[in-house]
Amino acid sequence: MALDERMEAALNDQVTCELDASLAYLQMAAHLDGDDRPGMAHWMYEQSHEEAGHAKQFIEFVLARGGRVEIGRIQTPVSKFDDPVHVFEEALRHEQHVTGRIRDIYRLATSIDDLESLPFLHGFLAEQVEEEAAVGGICERLRRVQGDEVGLALIDHELGSRGGE
Ligand code: MG
């Protein structure tokens with residue numbers, strides 16, 4: 001089935017949204033790197049890379065459905081953070097925003113009977129559950145150490161072992 005123009009617009013918005021997230025995480029990674037948190041920075045560089053990959057998946061899907069890709073305006077990312085907890089809480093807020101967007105696209109696809117989009121969107125809904133759990137878990141652990149440098153160093157070391165996608 002040809003791609004409905006409302007779906008094409010929504011999917012294009014999602015490409016922009018994923019690129020926004022990628023840039024926001026790149027900025028966070030740079031902040032953490034400059035703040036001598038190499039493990040957290042590594043984790044965030046990987047996250048940025050993953051979001052760019054999501055954007056590409058949406059691009060490929062639009063093209064596979066015969067649609068046209070048009071990337072929108074990218075937001076200037078937040079660049080000032082109080083501490084690592086603040087960085088990861090911003091990341092969680094981003095993920096929750098992305099989840100809301102994908103749920104909206106899923107509802108649109110359902111309402112216009114675009115069944116072909118549903119399996120693709122399913123994958124992203126499942127992905128968002130994992131993303132929110134991962135980032136939420138890091139926030140919780142960072143809050144628990146209450147700025148203690150030994151605790152922060154342990155978390156930093158652990159996040160540094162994140163593998164690539
Ligand atoms: Mg994503």
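Modeller: A contact means heavy atoms within 4.5 Å of each other, and in this protein residues 24 or more positions apart account for 78% of the contacts with a separation of 6 or more. Before we go on, please keep in mind that this is a predicted model, in which local features need pLDDT of at least 70 and side-chain atom pairs count only at pLDDT 80 or more, while totals for chains, interfaces and linings use all residues. Residues are numbered from 1 along each chain as its sequence is written, and side-chain values use heavy atoms, with hydrogens and water left out.

Biologist: How many helices and strands does the protein have?

Modeller: Helices (H or I, at least four residues) and strands (E, at least two) are DSSP runs, numbered from the N terminus. Here there are five helices and zero strands, which gives the pattern α-α-α-α-α when you read along the sequence. The C-alpha atoms fill a box of roughly 55 × 25 × 25 Å, taken along the principal axes.

Biologist: What percentage of the residues in the protein is buried?

Modeller: A residue is buried under 20% relative accessible area, exposed over 50% and partly exposed in between, with a 1.4 Å probe and protein chains only. By that rule, 44% of the 165 residues are buried. Met7 in helix α1 is one case, because its relative accessibility is 0%. Leaving out residues up to four places away in sequence, Met7 touches Ile105, Leu108, Ala109, Ile112, Asp114 and Ser117. The C-alpha atoms of Met7 and Pro119 are separated by 14 Å, although the two residues are 112 apart along the chain. Ala153, whose place is in helix α5 (residues 149-159), counts as partly exposed because its relative accessibility is 45%; its C-alpha atom and that of Gly72, 81 residues away along the chain, are separated by 39 Å.

Biologist: Which residues are the protein donors of the magnesium ion?

Modeller: Donors are N, O and S atoms within 2.8 Å of the metal (3.2 Å for Na, K and Ca), and water is not among the atoms, so sites may look incomplete. In this model the protein donors are Glu18 (OE), Glu51 (OE) and His54 (ND1), lying 2.0 to 2.3 Å from the magnesium ion, and along the chain the donors follow the spacing E-x32-E-x2-H. Because Glu18 lies in helix α1 and Glu51 in helix α2 (residues 38-64), the pair ties together parts that are 33 residues apart in sequence. Both Glu18 and Glu51 are buried.

Biologist: Which backbone oxygen does the side chain of Ser48 reach?

Modeller: A polar contact is a pair of N or O atoms within 3.5 Å; within protein, one must be able to donate a hydrogen and the other to accept it, and residues adjacent in sequence count only if both atoms are side-chain atoms. Ser48, in helix α2, reaches the backbone oxygen of Ser22 with its side chain, at 2.8 Å. Ser48 counts as buried because its relative accessibility is 6%, and, leaving out residues up to four places away in sequence, it touches Ser22, Tyr25 and Leu26. Thr110 counts as partly exposed, because its relative accessibility is 48%.

Biologist: Where is Asp36 found?

Modeller: Asp36 is found in the loop between α1 and α2, and its phi is near 55 degrees, a positive value in a residue other than glycine. Asp36 counts as exposed because its relative accessibility is 65%. Asp113, in the loop between α3 and α4 (117-145), also has a positive phi, of about 65 degrees, although it is not a glycine. With a relative accessible area of 48%, Asp113 is partly exposed.

Biologist: Which helices each supply at least two residues of the lining of the largest pocket?

Modeller: On a 1 Å grid over the protein atoms alone, a pocket is an open set of points where a 1.4 Å probe fits, with protein on both sides within 12 Å along at least five of seven lines, and lining residues have an atom within 4 Å of a point. Its volume is the space filled by probe spheres set on the points, which are joined across faces, edges and corners. The largest pocket has a volume of about 220 Å³, and of the 16 residues that line it, the closest to its centre are Asp20, Ala21, Ala24, Gln75 and His94. Helices α1 (5-34) and α3 (84-111) each supply at least two lining residues, and the largest share, six residues, comes from α1.
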